[in-house]
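This report describes a ligand site and several local features of one protein model. The sequence and structure come first, and the notes follow.

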Amino acid sequence: MVQLKESMALAASWVGGRAVAGGDRFEVINPATGEPVATLEAIAPEQVAGAISTAVDAQIEWQQRSLPGRAEILLAWADLLQQHREPLAKLITAESGKLLTQAGWEIDHCAAMLRWYSQAALRITGTTLPMHGGQRNFTLKQPVGVVACITPWNFPAAAIIVKAGAALAAGCSCLIKPSELTPTIALALVQLAERAGVEVGVLNVLITNAPATVGVVLCADPRVHMVSFTGSTKVGKQLYQQCAATVKRLALEMGGNAPFIVFADADIERAVECAINARFYNSGQICVGANRFYIESTIYDQFCQRLQAAVASMSVGDPLLATSDIGPQIHSSAASRLAELVADAIDKGARLLLGEQSTSGAFFQPTVLADMQPTMLAFSAEIFGPVACLYRFDSEEEVITSANSTEAGLAAYLFTENISRLVRVSEQLQAGAIGANSCQLFAAEIPFGGWKQSGLGKEQGIDCLDEFLQVKSVCLGIE
Ligand code: NAD
C-alpha cells in the first residue's frame, strides 16, 4: 500500500480523530496491475448516526473560529499538500490508475483551491440595510451546518477539496464519503488537515463499499443540512429524491456530454491539440470530456487525419511512467463498456480510423471513429473513455441545435478564428462551461457547475462560499 508515513496507514473510517470500523472488509484494487492497494474496513450503517453526532458537535466549535483563524489553517493545509505532493500523487495513481503526472497536477490544484478559499473566508460579510418603518435591519451570513460530501474516483482528491475546503472556510463540518474505488486518498487528505490545525470531528471520512445504504442514512438524517455530490447523473437524481424529505440544501455536479465544434475557419492545429486534451486527459475519464466532435464538412477529412495521427502517437502504458499518455480505465468493466459502445457504432456504419477492439484488463486502446450518427449509442451516452467520435455538420444553426440536443449541459467547446462567431456561439451553447478556442476550464477562480441535468450550484469562483452559507435577516425593533 502506498503510504504517506507508517502512522498514516489507516484502513477504516476516520471520525472525531480516530479510526472507526464495524462493517465489511473490502479491497481497493490498482486498475493498472489488478493488485490490491489496501484492505479497508467499512463503517457499519448503524455507526453513521454517531459520526453525524460528532460532526454536529464539532461544527458548533468550528464556526466560532475567527475568519483569519480559518484562513490560516486552510493555508497550512495547502502547504502540507504541496509538501506531500509526491506520495499523495502516487496514492492517487495506485488507486485510480491516473497518470502520475496528472495526479501531481491534481494535488497542485487542490492546494490552489485551498489558498483561494482561505482568501474567500476573509471576505464573509453581512449587510446593514437602510431604516424601514422606524426599524433597523441587517443580514448575517452563517454556515449551513453539517455537509455530506459524496465524491467520485476520477478526481479523488480534487472532488473532496473543492467541497471540504469551501465548507471549512464557511464554518461547516463535513462527512466525506469517498468512492469505494479510491478511499485511502481521502484518509490521507484529512490526516493532513488535522495536522494543519483542523479540529478533530470537523472533517470525517466514511469508508463504505455499500454507498447506497450509507447514502440513505445521510439523506434521511435532519442533522445533515446539505449534501454536496459529484458523480453520475443517475446517482445524483437518486440523492435529489432522497433529500426531499428533510429539505436539504443540495449541490450536484453530475455527468456531461460535451460537444466539441470545429468550424472550417478554425486554427486546426490548436483544435487538434485541444481535442487531445479534452478527450484523452485522465485516459478519457473526465466529466468535461469531448463526447461529440462536430467538424464542418469542408475540413472533415483533414481534421480526421490530423486527429488520427495525433492519437496514434499516444502511448498506452504504466501510469507511473512519464512516457505514458494513457493509463488504464478504472476497471476492466469500464473497458468492456467502451468496447460495446465502439461495436455499436461500427455496426451502425461508423468508420474505425484507429483503435483495436480487444481489451486487456482495464486498458483500452485510444480509438477514433468517423462518420458517427445520432442514432448510435455513443451520441447520448457519456463515453468516459479514450474514444473520439467525429460527426459532420454544414451550418452554424444546425450544429448549435444538435450540440444542445442533450440534457447534460456541463461543458462545450468551439473553435473558430471568427471572433463574432466565437462570441455568438458561446452565448448559444447550453452548458455551464465553454471552451472557446480553449480546453482549459479549471482554475480556482473560475466558477464551475453544470446546466440542465448536469448539476445544481457552482463550485470555485468568486462566490464559492455561498453554497455553504445561509443568509439570516435580523430585524431590530429598537428606537
Ligand atoms: P457514481 O455516481 O457511481 O459515484 C459517485 C459517488 O457516489 C461515489 O462516492 C459512490 O460511492 C457514491 N454512490 C454511488 N451510489 C450511491 C447511492 N445510491 N447513494 C449515495 N452515494 C452513492 O460516479 P463515479 O463513477 O464515481 O464517477 C463518474 C461520474 O462522475 C461521471 O458521470 C462523471 O461525469 C461524474 N463527474 C462529474 C463531475 C462534475 O464536476 N460535474 C466531476 C467528476 C465526475
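A polar side-chain atom of Trp-153 is placed 2.9 Å from an oxygen atom of the ligand. Glu-180 also has a side-chain N or O atom at 2.6 Å from a ligand oxygen atom. From the backbone, an N or O atom of Met-254 lies 2.8 Å from a nitrogen atom of the ligand. A polar contact here is a pair of N or O atoms within 3.5 Å; within protein, one must be able to donate a hydrogen and the other to accept it, and residues adjacent in sequence count only if both atoms are side-chain atoms.

The model is predicted: local features need pLDDT of at least 70, side-chain atom pairs count only at pLDDT 80 or more, and totals for chains, interfaces and linings use all residues. Residues are numbered from 1 along each chain as its sequence is written, and side-chain values use heavy atoms, with hydrogens and water left out.

Two or more residues of the shell come from each of helix H7 (211–220), strand E10 (226–230) and helix H8 (233–242). Helices (H or I, at least four residues) and strands (E, at least two) are DSSP runs, numbered from the N terminus.

There are 27 residues around the ligand, and those that come nearest are Thr-151, Glu-180, Ser-232, Met-254 and Glu-382. A residue is counted as near if one of its heavy atoms lies within 4 Å of the molecule. The shell is made up of 14 nonpolar, 9 polar and 4 charged residues. In this scheme Ala, Val, Leu, Ile, Met, Phe, Trp, Tyr, Cys and Pro count as nonpolar, Asp, Glu, Lys and Arg as charged, and the others, Gly among them, as polar.

Domain 1 (6–254 + 454–475) and domain 2 (258–443) both contribute residues to this shell, so the ligand lies between them. The domain bounds come from an automatic or database domain assignment.

## Helix H13

In helix H13 (residues 396–403), the buried residues are Glu-396, Val-399, Ile-400 and Ala-403. Viewed down the axis of H13, these buried residues fall within an arc of 100°, so they line one face of the helix; the arc is that of the directions from the helix axis to the C-beta atoms. Glu-397 and Thr-401, on the other side of H13, are exposed. Buried means under 20% relative accessible area, exposed over 50%, and partly exposed in between (1.4 Å probe, protein chains only).

Most residues other than glycine have a negative phi. Asn-282 is not a glycine, yet has a positive phi of about 55°. This residue sits in the loop between helix H9 (268–280) and strand E13 (290–296), and Asn-282 counts as buried at 3% relative accessibility.

Gln-460, also not a glycine, has a positive phi of about 65°. The loop that holds Gln-460 runs between strand E21 (455–456) and strand E22 (469–476). With a relative accessible area of 5%, Gln-460 is buried.

## Contacts across the sequence

Gln-242 belongs to helix H8 and is partly exposed, at 24% relative accessible area. Gln-242 and Ala-220 are 22 residues apart in sequence, with 7.1 Å between their C-alpha atoms.

Thr-184 is part of helix H6 (residues 184–196) and is buried, with a relative accessible area of 3%. Thr-184 is 145 residues from Thr-39 in sequence and 9.7 Å from Thr-39 in space, C-alpha to C-alpha. Ile-161, in helix H5 (residues 158–170), is buried at 0% relative accessibility. Its C-alpha atom is separated by 7.4 Å from that of Met-113, 48 residues apart along the chain.
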